[in-house]
Amino acid sequence: MTPHIKLNLVLPLECKQELLSIEDYYTLKYSTTSSGHAFRSFSKSPSDVYNIRNKNNYTCTTSWNKIPNTTQWITNNLCDESNLGMVCLNKLSAGGSVKWHSHGSYQMKIVHFSLITNDLDLSEVRKNDEIFAMNYPEREGYIFNSFLDHRSTNFSEHDRIHLVVECNSIQLMI
């Protein structure tokens with residue numbers, strides 16, 4: 001099981017700019033230092049980020065149409081809408097972290113694209129007591145192994161922002 005998988009896929013600059021125009025971030029239930037904005041979720045609300053009540057029924061939130069370049073790019077290059085799960089922005093505050101956790105048997109592949117990052121923004125995966133820490137370069141797509149324990153840390157003085165896209169099936173070559 002590989003902890004981090006680099007995709008041969010770079011988010012276009014126009015999509016990054018479009019995503020960073022979103023200013024609404026909502027408190028997430030699992031971390032006091034992390035916030036998010038959902039474009040696809042389990043309800044029409046952009047604040048319903050990572051609410052895992054119903055893993056099978058995803059819908060576009062009222063914000064989906066605010067990012068037309070990005071939504072078209074995702075469905076043309078990563079996975080079509082029928083295979084698309086949650087799509088959200090995730091902001092990890094300066095000095096913040098998300099605790100160790102695992103998604104267990106969750107079948108979605110979770111792809112991260114860093115929009116704003118720094119050398120101290122780390123995505124960590126723990127395998128057999130060894131920690132594989134990585135800073136995902138700006139706009140490059142990475143899948144991390146969510147079956148294994150993982151966490152996010154941001155030891156810098158600046159917030160970091162990632163686009164997180166969940167897909168049942170990815171339509172590109174890894």
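Modeller: A salt bridge is a side-chain nitrogen of Lys or Arg within 4 Å of a carboxyl oxygen of Asp or Glu. Glutamate 138 and lysine 16 form one, their closest N and O atoms being 2.6 Å apart.

Colleague: What kind of model is this, and what pLDDT do local features need?

Modeller: This is a predicted model: local features need pLDDT of at least 70, side-chain atom pairs count only at pLDDT 80 or more, and totals for chains, interfaces and linings use all residues. Residues are numbered from 1 along each chain as its sequence is written, and side-chain values use heavy atoms, with hydrogens and water left out.

Colleague: Which parts of the chain does the pair of glutamate 138 and lysine 16 tie together?

Modeller: Glutamate 138 lies in the loop between strand 9 and strand 10, and lysine 16 in helix 1 (residues 13-20), so the pair ties together parts 122 residues apart in sequence. Helices (H or I, at least four residues) and strands (E, at least two) are DSSP runs, numbered from the N terminus.

Colleague: Why is lysine 16 called buried?

Modeller: Buried means under 20% relative accessible area, exposed over 50%, and partly exposed in between (1.4 Å probe, protein chains only). Lysine 16 has 13%, so it is buried. Glutamate 138 has 37%, so it counts as partly exposed.

Colleague: How do you know that glutamate 140 and lysine 6 form a salt bridge?

Modeller: Their closest N and O atoms are 3.4 Å apart, and the limit is 4 Å. Glutamate 140 sits in strand 10 (residues 140-144) and lysine 6 in strand 1, 134 residues apart. Lysine 6 is partly exposed, because its relative accessible area is 47%.

Colleague: What makes arginine 40 buried?

Modeller: Its relative accessibility is 5%, so arginine 40 counts as buried. Its side chain meets that of glutamate 81 in a salt bridge (3.4 Å, N to O). Arginine 40 is in strand 3 (residues 31-41), while glutamate 81 is in the loop between helix 2 (68-77) and strand 5 (84-92). Glutamate 81 has 39% and is partly exposed. The structure holds 6 salt bridges.

Colleague: Why is histidine 4 called buried?

Modeller: The value for histidine 4 is 14%, so the residue is buried. Histidine 4 lies in strand 1 (residues 4-10).

Colleague: What makes the link between histidine 4 and tyrosine 136 a polar contact?

Modeller: A polar contact is a pair of N or O atoms within 3.5 Å; within protein, one must be able to donate a hydrogen and the other to accept it, and residues adjacent in sequence count only if both atoms are side-chain atoms. The side chains of histidine 4 and tyrosine 136 are joined at 2.7 Å. The side chain of histidine 4 also reaches the backbone oxygen of phenylalanine 132 at 2.9 Å.

Colleague: How do you know that strand 8 and strand 11 pair?

Modeller: Two strands pair if DSSP finds at least two bridges between them. Strand 8 (residues 121-127) and strand 11 (residues 149-154) have 6, in the antiparallel sense. In strand 11, serine 152 is the bridge partner of serine 123, and histidine 150 that of valine 125.

Colleague: What makes strand 6 and strand 9 edge strands?

Modeller: The open sheet has 4 strands in the order 6-11-8-9, with antiparallel pairing. Strand 6 (97-101) and strand 9 (130-134) each pair on one side only. Strand 6 is joined to strand 11 by 3 bridges.
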